[in-house]
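Hi everyone, thanks for coming. Please have a look at the screen.

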Amino acid sequence: MSAQLQFKGRVYLLPLIAILLNIASCTANNRNINRVSLVGAGASFPAPLYERWLSDYNQQNPNIEINYQAIGSSAGVQQLIEGTVDFAASDVGITNEQAAKIKRGAIALPITAGSIVLAYNLAKLHQSPQVNLSTGLKLPRQVYVDIFLGKITNWNHPRIAAANPGVNLPNLPIQVVHRTDGSGTTSVFTQHLSAISSEWKSKVAAGKSVAWPVGIGGKGNEGVTALIQQIPGAIGYVEYVYAKQNKLPMAALENKFGNYITPTPESVAETLEAVKLPADNLIAFITDPKDAQSYPIVTYTWLLTYHQYPNRVKAQALKNFIDWAVIDGQKSSLELGYIPLSQKVVLQVQSAAKKIGE
């Protein structure tokens with residue numbers, strides 16, 4: 001009798017164990033299905049914001065891991081073409097020729113905006129009691145063109161002095177610092193120089209990489225920032241956030257109207273108001289804004305995705321992140337020194353992002 005009961009117990013227990021093992025297996029599989037890893041690369045311009053976003057998003061969505069490498073716009077677009085990333089970032093979007101190389105299709109989404117500033121290092125030098133060189137330097141538009149052409153080579157040059165009356169400018173060589181990598185920041189900056197100077201346009205022109213007439217090079221916004229910090233008399237172009245975070249002084253630049261405008265969220269937003277994004281690809285630039293209070297060097301930066309993804313789960317995870325970035329993520333933009341997208345642009349991005357994976 002006892003042996004019979006033990007046998008029946010085993011008969012009932014075996015199906016129960018099988019059911020429990022099956023449940024455990026399904027639970028583990030579900031966890032694996034929900035865990036998604038995405039890889040992106042590209043522009044250094046938005047890298048500090050991406051870093052904040054990816055940390056915040058992962059805290060809210062622990063099963064979604066997104067990694068981003070700031071390797072420059074050119075390298076990011078190339079990796080998208082080669083299919084080695086899930087998304088890329090570029091300060092100049094993507095050209096029709098580049099997009100044609102991507103069999104899976106490409107979608108460009110403006111994700112945030114900001115300004116490119118001329119940061120400089122005169123902080124440790126003797127300063128006029130009337131004007132603090134760390135905050136008050138003004139640069140006329142043809143003066144900063146000639147600095148990067150190598151025609152103005154000293155900080156006490158008469159044309160700089162004329163724009164800064166009462167400032168005791170130092171007798172110090174100007175050391176130009178520029179990017180060495182293929183850069184959207186370089187493209188935006190040189191587009192602006194080409195727009196305001198026929199000499200620059202004919203001699204150097206615009207591009208993500210150009211033959212600089214003078215200066216030394218650094219890799220990425222972070223590399224240029226580091227060199228400006230290290231070299232007395234240095235001046236270079238960097239994204240506003242890098243200058244702000246490293247407490248580098250930024251020049252007030254003369255705009256098309258003739259006003260000297262300091263880069264601020266307000267002056268940059270003023271410029272963006274004039275940018276109209278075409279419905280077909282959401283890529284547009286304004287190389288020389290004409291509004292009286294506009295800061296002259298401003299750009300969107302774009303997140304580039306494929307149109308088609310073999311993995312539907314990845315496509316949906318990326319769409320979810322983009323939707324979060326243009327709504328909740330924009331709250332971090334202003335705090336870090338970027339410009340939040342307008343409601344009109346947010347709606348354009350959301351509409352375009354719906355095509356991902358379709």
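The largest cavity in this predicted model has a volume of about 60 Å³. A quick word on terms: on a 1 Å grid over the protein atoms alone, a cavity is a set of points where a 1.4 Å probe fits but cannot get out, while a pocket is an open set with protein on both sides within 12 Å along at least five of seven lines. Points are joined across faces, edges and corners, and the volume is the space filled by probe spheres set on them. By this rule there are 3 cavities of 30 Å³ or more.

Which residues line the largest cavity? They are V188, Q191, H192, F285, I286, T287, P296, I297 and V298, where lining means having an atom within 4 Å of a point. By class, 6 are nonpolar, 3 polar and none charged; here Ala, Val, Leu, Ile, Met, Phe, Trp, Tyr, Cys and Pro count as nonpolar, Asp, Glu, Lys and Arg as charged, and the others, Gly among them, as polar. Helix α7 gives the most to this lining, with 3 residues. Helices are DSSP runs of H or I, at least four residues, and strands are runs of E, at least two, numbered from the N terminus.

Housekeeping: numbering starts from 1 along each chain as its sequence is written, and side-chain values use heavy atoms, without hydrogens or water. As this is a prediction, local features need pLDDT of at least 70 and side-chain atom pairs 80 or more, while totals for chains, interfaces and linings use all residues.

On to the pockets. The largest has a volume of about 370 Å³. Its lining has 17 residues, with A106, I107, A108, D280 and N281 nearest the centre. The second largest pocket holds about 280 Å³. Among its 15 lining residues, L272, V275, Y300, S342 and V345 are closest to the centre, and α14 supplies the largest share, 3 residues.

Now back to α7 and its partner. Helix α5 (residues 141-149) packs against α7 (residues 184-196) at about 120°, with axes 10 Å apart; axes are lines fitted to C-alpha atoms, for helices over the stretch in contact, and angles run from 0 to 180 degrees between N-to-C directions. That makes α5 oblique to α7, since under 35 degrees is roughly parallel, over 145 roughly antiparallel, 65 to 115 roughly perpendicular and the rest oblique. R141, Q142, Y144, V145 and F148 in α5 meet F189, H192, L193 and I196 in α7, with contact meaning heavy atoms within 4.5 Å.
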